[in-house]
Amino acid sequence: MTMGPDFANPEVALVYLPEEQEKSVAGQNPSANFSRENLLDRAITWWVGLALMLGCLLIPLILTEVPPLTDYPNHLARCYLLAFGSSDPALRPMFSAHWQIIPNIGVDLILPKLMHVFPPLLAGRVMLACCLLIPTTGAIALSRAYFRRRSLWQIATGFAAFNVLFLMGFMNFELAIGIAMWGAAAWIRYREQNLAAAVGSAIILAPIVFFFHLFGFCFYALLVGSYEFFVLFERGLRTWTDVRYAARRASAFGLAMVIPALLYSASPLERVSFSPAWVSLPRKLYLAFDSIMEYSSLFDWLIAASLVAFLFFCAMKGRARISKAALICCTALLCIYLVTPVSFKGVYFVDTRLPVMLGFMVFAGFMPRGVNSRERTASVAFFIILFVARMALITNVWVDSQRDLADLRQTIASVTPGSRVLAADVKYSDNPDWYSNMPLCRRLPEVAPTYWHLASFVLLDRHAFWPNIFAEESQQPIAISEPYRELGAIRSPPLNYTDLTMSHVPEEELAHFPYLADWKEKFDYVLVLNAEGAPELDHFLPNQLQLVDRQGIAALFKIKK
């Protein structure tokens, strides 16, 4: 009996065999294993399980009009501007399209066109469905490329779909890593059979991934590079023939990746200063599990502990099959994660992206084998229950969030088109007790609130200006026009509503919110989010603000002129 994990060669493991046939487990009769087909080994079981898992992922999207994803409403508003802003008399003076070579515009190219086919909110959900399905199926395709077989473990990739970055609305990133995994699967599957087709498709695909997200391209290059390194390492460099073989493979890889490198050198992002910032090691260790993090820390740890325990059990019992190429990739991701800053070049949650990639790779590069029928049945049943419970929790949270959305849209109903709305927030420091006990749909534990960009509906519904739209010219294809440019706070969440009471604004605050000086003259309304956390809000700055409406999460004030 093998006492350690077996590292699968993706070029050798070409035949699908049921797990019971692949390896006899001690204490079982091998002839009995071959004589009966386990229901879990049938192809129809795998396909039905895959369809059910993907269908479950879509249930929260089907039941909610606007999912509570932190950045999503902001992306929705920007794409709405790209689709309709130039023809809208209220919005046209505020913003203009600003297309250039930016590695973060895939959604901006697709979603505005979808908004001409579907209503904007439905078009947004179609894109979100792609953000769920493409990475999940990409990891499964990558696993098939590594092992050349099906496994129910591949279907467990659904646990990684609702990762913390999806819940934060990082749409371009999710699509990019999904396309990267599909592309890497194609490279691994066909590289040895048809070099020209593999390199040609990679030359086309690499720039596509780049335009969705720079990290997606880096992930694609790492996946393909890990496979190439594995092939060369297995062959060795003992003769000049081996060296020439390695040079040819390196040239093919470089040819496939050179176009995005040239595009990046011509992009404005390349010229932005690095300006890194790091977080503490304990926080890095916590965020290492963000591929399965959602709204309940306790439930997150239960899922993480269950998955790690299963992986550990299989590895220690010699029932683990691991792709060497995937292991190289995972090792690189882990090492890079430990030294990557949390932000640089004006981009935040940079290091958080690596554990999400690593989470998908765990399902793509690892496969149980030789687990007996009783253990398999128990494991499948347990993980089904865990997955259904997870999806039920997410669905319940999302459905609850629609009450906040309805309250906000009702509150802003009187905002006049073309007006200027300052978005503010009741933060933790204002009312710790409320913040710690507010509805689950309003925050991702230890990460960020989910309601920060709900103020984008003043643009979507009322065609008014609000200063927190994502309009960084080195990252997004829109620009704020004069005289609205001085009102922008494009890298900042809503300010603390108590900042409006300051007679002298500190320079640090002005750096984030330049409009705070003379804000009363620059804006027409103040919209306060998370309003229940400020019980005396009705009488806030009574000489300067007049309460217009207050419903649940939102309170709207008109500025007295």
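## Charges over rings

## About the model

This is a predicted model: local features need pLDDT of at least 70, side-chain atom pairs count only at pLDDT 80 or more, and totals for chains, interfaces and linings use all residues. Residues are numbered from 1 along each chain as its sequence is written, and side-chain values use heavy atoms, with hydrogens and water left out.

## Aromatic pairs

A search of the whole structure finds 23 aromatic pairs. Rings of Phe, Tyr and Trp (its six-membered ring) pair if their centres lie within 6.5 Å; planes under 30 degrees apart count as stacked, over 60 as edge-to-face and the rest as tilted. Take F166 and W398. Their ring centres are 6.5 Å apart and their planes stand at 15°, so this pair is stacked. The pair links distant parts of the chain, 232 residues apart: F166 is in helix α9 (residues 164-167), and W398 is in helix α18 (residues 373-411). Helices (H or I, at least four residues) and strands (E, at least two) are DSSP runs, numbered from the N terminus.

Are these two residues buried or exposed? Buried means under 20% relative accessible area, exposed means over 50%, and partly exposed is in between (1.4 Å probe, protein chains only). F166 counts as buried because its relative accessibility is 2%. W398 has a relative accessible area of 0%, so W398 is buried.

Aromatic residues also form a cluster. Its members are W153, F159, F310, F363, F366, F382, F383 and F387.

## A nonpolar patch

L281, L285, L334, L338 and V339 make a nonpolar surface patch of about 490 Å². Patches are made of residues with over 30% relative accessible area and no salt bridge: like charges are joined within 9 Å, nonpolar side chains (Val, Leu, Ile, Met, Phe, Trp, Tyr) within 5 Å. A salt bridge is a side-chain nitrogen of Lys or Arg within 4 Å of a carboxyl oxygen of Asp or Glu. Accessible areas come from the Shrake-Rupley method with a 1.4 Å probe; for residues, only the protein chains shown count as cover.

Which helix gives the largest share of the patch? The answer is α16, with three residues. Both α14 (281-287) and α16 (324-339) supply at least two residues. L285 has its place in α14.

## Backbone exceptions

Most residues other than glycine have a negative phi, and most peptide bonds are trans. F349 has a positive phi, near 55°. F349 lies in the loop between β5 (347-348) and α17 (353-365). At 22% relative accessibility, F349 is partly exposed.

D518 is not a glycine either, yet its phi is positive, about 60°. Its loop runs between α21 (507-512) and α22 (519-522). D518 is exposed, at 52% relative accessible area.

Where is the cis peptide bond? It joins E482 and P483, with omega about 5°. P483 lies in the loop between β10 (478-480) and β11 (495-496).

## A loop glycine

G552 is in the loop between β13 (545-551) and β14 (554-559). G552 is partly exposed, at 30% relative accessible area. Leaving aside neighbours within four places in sequence, G552 is in contact (heavy atoms within 4.5 Å) with D407, A531 and E532. The C-alpha atoms of G552 and A406 are 9.3 Å apart, while 146 residues separate the two along the chain.
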